[in-house]
Amino acid sequence: MSPTPLSDTDSLAALAARLASAPYVALDTEFLRERTYRPQLCLLQLASPGEACCVDPLADLSLQPLTAVLGSGAPKILHAARQDLEVLWPLFGAVAPVFDTQVAAALCGMPAQIGYSELVRRVLGAELNKAETRTDWSKRPLSDAQLRYAIDDVIHLGGLRDALSEELEKLGRTAWLDEELHDLAREDRLFVDPEKAVERLRWSAELDADRARLAQRLAAWRERRAAEKDRPRTWILDDAGLRALVLRAPRNAAELAGLEELPPGFREHSGPTILELIAAADLPAQLPPLAQRMRPDAEAQAHLKHLAGIVQKKAAELGLASELLATRRDLESIARGEDTAEVLRGWRRDAVGAELLAAA
């Protein structure tokens, strides 16, 4: 288990050939995303029984030999897999099948977002070195300490998978895990659909219909622009600027210039496009004042509290974190008579969803 990373295609091809017959492939990534829209893969860690190594994707090599190994065959074991899968998709497509130790641990009754080091400590009794958590993985050369830290992130995954699988079998929840993992690597679960980017804006629920239509168009433009330029979406337009555009809907350059939330460079380079988007939203000449935020309805709040109580009681019976069963958004959806909540699907419906529907 040498810390020296693989940095040539021939060595990587030999590794891929060995992994092709392995019973599992443990997997982790180190990446940066502070300056880009898409996370930038900086290091890839792989392990199988008796072998663990790092691959340097920034070296002059082709990662293609790993495509078949990561896309089919033996389980790929990861912890908190979503971000890793997002990083790997542009390079390899879907990584599958996946076993996520964080998801499995949550179904065993541990905290829903339990970290890898804490999980290793609880399940395997091993203490991991956390000294390199703030490493800039894009810098070269990487030290032996950094590389050993990176390898630690994969060498325990096989043991975790075995222990958690055994516990889930005892609890009769193996099918629950299969259901949770089934769609984990789906492209539409990993990436933001520009047309739905507005749903990420918490304040969008407060908007009238006209402003909501404008918010959808502007959020979609920002998402596409960020992807095109490969820059963080807030570098294109931060949320304060986006909100100001939506609330005040400037119709000309003078009104646009009056928005202090927008930097001059944005008005100069993107102002004409923004005005075109506002015009295309077909807004009325005069937008109505924003409705005052209503005080919470006491009866509705009491109903939500009742639904939350049902979830908490069932979570305690099952030994699960309540947020694993249902979120507040789920409960609000059920209270409105909608049937789109995740808790009304699959094992969650059997565990508590049907009871929530009956109480709605």
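**Group meeting: loops and helix packing**

Let's begin in a loop: Pro141 sits between helix H5 (116–124) and helix H6 (144–155). Before we go on, please keep in mind that this is a predicted model. The peptide bond leading from Arg140 into Pro141 is cis, with omega near 0°. There is another cis bond to look at, from Ala96 to Pro97, where omega is near -15°. Pro97 belongs to the loop between helix H3 (81–92) and strand E5 (98–100).

Why flag these at all? Most peptide bonds are trans, and most residues other than glycine have a negative phi.

Ala80 is not a glycine, yet its phi is positive, about 50°. You'll find Ala80 in the loop between strand E4 (76–78) and H3. Its relative accessibility is 31%, so Ala80 counts as partly exposed. Asp230 also has a positive phi, near 50°, and this residue lies in the loop between H10 and helix H11 (233–236).

Now, on to H10 itself. The axes of H10 (residues 209–229) and helix H14 (residues 264–280) come within 10 Å, crossing at roughly 140°. The cut-off for roughly antiparallel is over 145 degrees, so H10 is oblique to H14. The crossing is right-handed. On the H10 side, the contact is made by Leu214, Arg217, Leu218 and Trp221; on the H14 side, the residues include Phe266, Ile274 and Leu277. By class, this contact has 8 nonpolar, 2 polar and 1 charged residues.

Next, helix H17, residues 328–335. Which of its residues are buried? They are Asp330, Leu331, Ser333 and Ile334. These residues span an arc of only 160° around the axis, which means they are on the same side of H17. In general, an α-helix has 3.6 residues a turn, so residues three or four places apart point the same way. Among the elements covering the buried residues of H17 are helix H15 (298–318) and helix H18 (346–359).

H15 brings His303, His306, Leu307, Ile310, Val311, Lys314 and Leu318 to the contact, where they meet Ala351, Val352, Glu355, Leu356 and Ala359 of H18. Sorted by class, that contact has 8 nonpolar, 2 polar and 2 charged residues.

Thanks, everyone!

Methods:
Residues numbered from 1 in each chain as written. Predicted model: local features only at pLDDT ≥ 70, side-chain atom pairs only at ≥ 80, totals over all residues. Heavy atoms only, no water. Axes fitted to C-alpha atoms, helices over the stretch in contact; angles between N-to-C directions. Helix = DSSP H or I, 4+ residues; strand = E, 2+ residues; numbered from the N terminus. Parallel < 35°, antiparallel > 145°, perpendicular 65-115°, else oblique. Left-handed = near helix turned anticlockwise from the far one by under 90°. Contact = heavy atoms within 4.5 Å. Nonpolar A, V, L, I, M, F, W, Y, C, P; charged D, E, K, R; others polar. Buried < 20%, exposed > 50% of the residue type's maximum accessible area, 1.4 Å probe, protein only. Arc of directions from axis to C-beta.
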